[in-house]
Amino acid sequence: MTNEELILKAASAINPKQLKNGLVGDVGCALLAGNGKIYTGVCVGIDSNGYCAERVAIGKMITDGSEYVIKKIVATWKDEEGYLYVIPPCGHCRQMIKETDEKNLETEVILDKDKIEKLKDLLPYHDWWKKQD
Ligand SMILES: [Zn+2]
C-alpha cells in the first residue's frame, strides 16, 4: 500500500453533509492496521460532541477485532473547488494514536505522497515525565 493509495482511500471516505447541528464527513481518514486491513473514517463535527476522522477510523479498527497497531495513517480534506489536501492529525488524535498502542510511536503519518513523519516525531516530549523533588 503506497502513500498515494492510502491518500486516495482517505479521500474516497469524504462525504460532507450539513446536519442541523454541524458538518459531518468533510474530512476522511484511512489507516493501514497491523493486521493489514484498511480502516476509514470521517469526522463527525456536531455541536454536542465531535470526533476527528482519525479517531473514528481507530474506533472501527478496534471494533473489528483485536488490532491496535497502526502502520500508516492519513487524513484528507477537500476545499469548495474539489482540491484535495492532506492534513496532519490534531494533538488529540496524535495522543490517541500513541495511547492506542505504544508501538504506534513508529506509525508513519502521511503528510504528502512523498512525505511521512513518524508519530514520535510529531509528539515531542511524549515520554517527558520528570519527577519533581
Ligand atoms: Zn484530530
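Visitor: Where is Trp77 found?

Guide: This is a predicted model: local features need pLDDT of at least 70, side-chain atom pairs count only at pLDDT 80 or more, and totals for chains, interfaces and linings use all residues. Residues are numbered from 1 along each chain as its sequence is written. Helices (H or I, at least four residues) and strands (E, at least two) are DSSP runs, numbered from the N terminus. On that numbering, Trp77 sits in strand 5.

Visitor: Is Trp77 buried, partly exposed or exposed?

Guide: Count the other C-beta atoms, placed from the backbone, within 10 Å of the residue's own: 20 or more is buried, 12 or fewer is exposed, and in between is partly exposed. Trp77 has 18 such neighbours inside 10 Å, so it comes out as partly exposed.

Visitor: Which residues is Trp77 in contact with, leaving aside neighbours within four places in sequence?

Guide: Contact here means that the C-beta atoms of two residues, placed from the backbone, lie within 7 Å. With those sequence neighbours left aside, the partners of Trp77 are Asp26, Val27, Tyr85 and Ile87.

Visitor: And how far apart are the C-alpha atoms of Trp77 and Ala11?

Guide: Along the chain, Trp77 and Ala11 are 66 residues apart.

Visitor: On to helix 2. How far apart are its end C-alpha atoms?

Guide: The expected span of a helix is 1.5 Å times one less than its number of residues. Helix 2 (residues 53-64) has 12 residues, so it should span 16 Å, and that agrees with the model, where the end C-alpha atoms are 17 Å apart.

Visitor: What covers the buried residues of helix 2?

Guide: The buried residues of helix 2 are Ala53, Glu54, Arg55, Val56, Ala57, Ile58 and Met61. Their cover includes strand 2 (22-33), strand 3 (38-46), strand 4 (49-51), strand 5 (70-78) and helix 3 (91-100).

Visitor: At what angle do the axes of helix 2 and helix 3 cross?

Guide: Axes are lines fitted to C-alpha atoms, for helices over the stretch in contact, and angles run from 0 to 180 degrees between N-to-C directions. The contact is made by Glu54, Arg55 and Ile58 of helix 2 and Cys93, Met96 and Thr100 of helix 3. The two axes come within 9 Å and cross at roughly 20°.

Visitor: Where does Pro16 lie?

Guide: Pro16 is partly exposed, with 14 other C-beta atoms within 10 Å. Not counting residues up to four places away in sequence, Pro16 touches Leu23, Gly25 and Asp26. Its place is the loop between helix 1 (3-13) and strand 1 (17-19).

Visitor: Last one: what is phi of Tyr125?

Guide: Tyr125 lies in the segment after helix 4 (119-122). Tyr125 is exposed, with 7 other C-beta atoms within 10 Å. Most residues other than glycine have a negative phi. Tyr125 has a positive one, near 65°.
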